[in-house]
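Here are my notes for you, as numbered points. Keep the model open on your screen while you read, and check each spot as you go.

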Amino acid sequence: MKTKKRILVIDDDKPLASMVKMNLEGTGDYDVCVENRSSRALRVAQDFEPDLILLDYIMPGLDGGDVSCRFHEDPKLSKVPLVMVTALVSNCEMGDDGTSQLGGHTMLAKPIRFHALLACIEKRLGVVA
Amino acid sequence: MEQDAKDDIIRRGFRNPNVPALRFLCVEDNMGDFVLVKDHLRHAGFGRQPVVCCASRVQVAVEMLSAESSDLPFDLVFLDLSLPDSTGAETFRRLRHACPRIPVIILSGNNDHDLAEELVQEGAQDYLPKESLNPDLLMRCAIYALGRQRYRAGLEKLTQRLKQTTLELRAAHSHLAQAEKLDSICRLAAGVAHEVKNPLATIQMGLDYLTAHCVNPDENTESTLVLMQEAVDRADSVIHDMLNFSRSDESVKMEPICINDLVACVLRIVKHECHRNHVTCEALLADDVLMISGDLNKLEQVFINIIMNSVQAMKAGGKIEIRTKRGLLGETQRDEGLREMNRMRMGDEVAVIEISDNGPGIPDELKNRIFEPFFTTKPTGEGTGLGLAVSKRIIELHRGQMEVVNSEGSTGACVRIQLKANFSNKNKPNGTNGKPSLELVTATNRTP
Ligand SMILES: Nc1ncnc2c1ncn2[C@@H]1O[C@H](COP(=O)(O)OP(=O)(O)OP(=O)(O)O)[C@@H](O)[C@H]1O
Ligand SMILES: [Mg+2]
């Protein structure tokens, strides 16, 4: 039996986060942990030791950019692939700051279809579909 | 005599022998009186002897004043009120009505102060009793009348300019108000769009879950899921349009584009949709290569919007023609909302694209409104009213022009777009905005 991949979903939108969890776990391939408060993201991530992190960009308090910075400073978490999900549509709207730390992370625009999300996650995990 | 020469007389003085002679018309049926006036004027001491002509009736005077060749107009009229074809105030009014600009000095046999006041109120320059005439008085009155006339003419010109300016100001103001309105709609739209995306994403995920995990769904469940998916797609495309609409020009990525290629590409995209609706779509392309610099995706979107409008307007089928040609920008409508240094100017070389259909056309009273965001004549679910608003915005971000004109020789609508031609740099890519780009995966693809 193959081991399930662990995915951490950080999104302040509770219904959305739990829907993502349901879908991912529904495939039978993933264990999903949800965190709605960005301020706790780092601690939860350190405990959960995810294989991939799904991060909402716009959140009250610390936003996705801030959170990804913290992950970056953590020796273990900096190696974990990060997928950004955002309600912003284009990279131009990101503004100049923050984009450099984001380099290399995949961005997804909301609303996203599950199969597209899944494809993206599998790609980042190096899973051959 | 030209206005300049007349001004010259006034500036340099009537006694100066080097200025042109003045031309007077004396409207008088009594030859004795005419000779007297003429005599006075000759002895008044003008630098050059004035020319004095006579008309014995108002009708004749009017004919002489209006028929005279423009290089020898009269400068001033001396008018007797009692003439064979008219008497009293009526005489002045008739002349005044026919020739409103010529200064008139009334020479009267009576000394009616009330009448004098009344006629001066109506624009007569002076009212002189015949028995008190003398050369000096006539000359003074004539000179002062001409001076006043000169100022009046200047004032008229100013008033005209003021009227014109007021009109322009009013137009600019309404443009500005329109631009401000759009601006606040934009900001609102962007806010709403972001706010709506999260719930929409939740619904999408829910749908995906149900679709994947509903074992043996019955027919109703299946069609429910399909309808819900369509609804989400529709909402997403509206949001997409709204965001597009509120986007700043930062997001326009300019590259050299060949207009004919662009049209060909758009035709491929809409071919199926046109065929399905029994609409033929024909391209009449310019022979030479028309290059512009623009954002390919956005311009494609503009043309698709316009063509889809035509298709939707021709329910029973019809014909669309897309014409491209080289042109020079005609009179520009200034858009105060876009205060750009490098907007197009009259005479600029442009690529013109005209998309015309033979549908019902757009009624004149709607022509001003169709570019307003959310203006639509289509039933809910069929039109959001953003198509043309977004398109116009995109064209403006390209510093181009977009307008709706009547199709020539048919009832249908014709949309004309003019984009600044870029004939010189055909191959060189034209600066992207220099930002590091992130890989952006958009889940839902907008299909026409
Ligand atoms: N080719 C045309 N013939 C007749 N009417 C037209 C044509 N193009 C546009 N219109 C009128 O202009 C209105 C606004 O068009 P616009 O594309 O902005 O919105 P829409 O087509 O109603 O909705 P949307 O494009 O957002 O789906 C239309 O509802 C229609 O009344
Ligand atoms: Mg439309």
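1. Start with D357(B): an N or O atom in its side chain sits 2.8 Å from a nitrogen atom of ligand 1. That falls under what I call a polar contact, a pair of N or O atoms within 3.5 Å; within protein, one must be able to donate a hydrogen and the other to accept it, and residues adjacent in sequence count only if both atoms are side-chain atoms.

2. How much of ligand 1 does the protein cover? On its own the ligand has 600 Å² of accessible area, and the protein covers 89% of that. (Accessible areas come from the Shrake-Rupley method with a 1.4 Å probe; for residues, only the protein chains shown count as cover.)

3. A word on the ground rules. This is a predicted model, where local features need pLDDT of at least 70 and side-chain atom pairs count only at pLDDT 80 or more, while totals for chains, interfaces and linings use all residues. Residues are numbered from 1 along each chain as its sequence is written, chains are lettered from A and ligands numbered from 1 in the order in which they are written, and side-chain values use heavy atoms, with hydrogens and water left out.

4. Now the shell around ligand 1: 20 residues surround it, and the closest are N309(B), T376(B), T377(B), K378(B) and L388(B). To be near, a residue needs one of its heavy atoms within 4 Å. The shell splits into seven nonpolar, ten polar and three charged residues. (Ala, Val, Leu, Ile, Met, Phe, Trp, Tyr, Cys and Pro count as nonpolar, Asp, Glu, Lys and Arg as charged, and the others, Gly among them, as polar.)

5. Which helix gives the largest share of that shell? α9(B) does, with four residues. Both α9 (296-313) and α10 (387-397) of chain B supply at least two residues each. Helices (H or I, at least four residues) and strands (E, at least two) are DSSP runs, numbered from the N terminus.

6. The peptide bond from K110(A) to P111(A) is cis, with omega near -5°, and P111(A) is in the loop between β5 (106-109) and α5 (114-125) of chain A. N216(B) isn't a glycine, yet its phi is positive, near 45°; look for N216(B) in the loop between α6 (135-213) and α7 (219-246) of chain B.

7. Last, a helix pair in chain B. The axes of α3 (residues 58-67) and α4 (residues 89-98) are 10 Å apart, at an angle of about 20°. So α3(B) is roughly parallel to α4(B). (Axes are lines fitted to C-alpha atoms, for helices over the stretch in contact, and angles run from 0 to 180 degrees between N-to-C directions; under 35 degrees counts as roughly parallel, over 145 as roughly antiparallel, 65 to 115 as roughly perpendicular and the rest as oblique.)
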